[in-house]
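Work through these exercises with the model open beside you. Try each task before reading its solution.

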Amino acid sequence: MNLTLLTNKQIIADLAERVDTLRVQNDIQVRDLVAAGVSSSTYARFLKGNTIGLDKLIIILREIGCLEDLNKLCNVVTIDPIAVVEQQTTRKKRVATKSDAMATSDGDDDEAFVWGEDAED
């Protein structure tokens, strides 16, 4: 689903629908949410696509077992400086051209390399 084309209310309604589906799948009743600190009227507003407090959403996600999914929300990639250094030290320095590869290959020639001044005429 392309969220950029939706209004905020539509996004909230879609999120609420997903949350409610997970709530039902996990056998969580609304009264369990109420016991955790989310009033039934707040949850009903959420299902209609209206805003609720972030703290209430966190309570709901915790109760339905999806709190860890918040880690995916705004995932920040941390860079390990040691891994970067190791990657730089193992990286190839250059790529051999075909002419370099041919010049250094043994090929089928049995002749040893001879310097120009050592060559016999």
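**Exercise 1. Find the glycine just after helix 4 and state its phi.**

Step 1. Go to the end of helix 4. Gly65 comes just after this helix and takes a positive phi of about 85°. Helices here are DSSP runs of H or I with at least four residues, strands are E runs of at least two, and both are numbered from the N terminus.

Step 2. Look at the end of helix 3. Gly49 follows helix 3, and its phi is also positive, near 95°.

Step 3. Now turn to Asp27, in the loop between helix 1 and helix 2. Its phi is positive, about 55°, although Asp27 is not a glycine. Most residues other than glycine have a negative phi. Asp27 is exposed, at 66% relative accessible area. (Exposed means over 50% relative accessible area, buried under 20%, partly exposed in between; the probe is 1.4 Å and only protein chains count.)

A note on the source: this is a predicted model, in which local features need pLDDT of at least 70 and side-chain atom pairs count only at pLDDT 80 or more, while totals for chains, interfaces and linings use all residues. Residues are numbered from 1 along each chain as its sequence is written, and side-chain values use heavy atoms, with hydrogens and water left out.

**Exercise 2. List the buried residues of helix 3 and decide how they are arranged.**

Step 1. Helix 3 spans residues 40-47, and its buried residues are Thr42, Tyr43 and Phe46.

Step 2. Look down the helix axis. These buried residues fall within an arc of 95°, so they line one face of helix 3. (The arc is that of the directions from the helix axis to the C-beta atoms.)

Step 3. Find the cover. It includes helix 1 (8-25), helix 2 (30-36) and helix 4 (54-64).

Step 4. Zoom in on Tyr43. Leaving out residues up to four places away in sequence, Tyr43 touches Val19, Asp20, Arg23, Val30, Leu33, Val38 and Ile60. (Contact means heavy atoms within 4.5 Å.)

**Exercise 3. Identify the residues with the most contacts inside the largest nonpolar core.**

Step 1. Size the core. It has 15 residues, and Val19, Tyr43, Phe46 and Ile60 have the most contacts inside it. (A nonpolar core is a set of buried Ala, Val, Leu, Ile, Met, Phe, Trp, Tyr and Cys residues joined through side-chain atoms within 4.5 Å.)

Step 2. Trace the contributors. Helix 1, helix 3 and helix 4 each supply at least two residues. Helix 4 gives the most, with five.

Step 3. List the buried residues of helix 4. They are Leu57, Ile59, Ile60, Leu61 and Ile64. Helix 1, helix 2 and helix 3 are among what covers them.

**Exercise 4. Is Cys66 buried or exposed?**

Step 1. Locate Cys66. This residue is in the loop between helix 4 and helix 5 (81-90).

Step 2. Read its area. Cys66 is buried, with a relative accessible area of 9%.

Step 3. Check its neighbours. Cys66 touches Leu22 and Leu61, not counting residues up to four places away in sequence.
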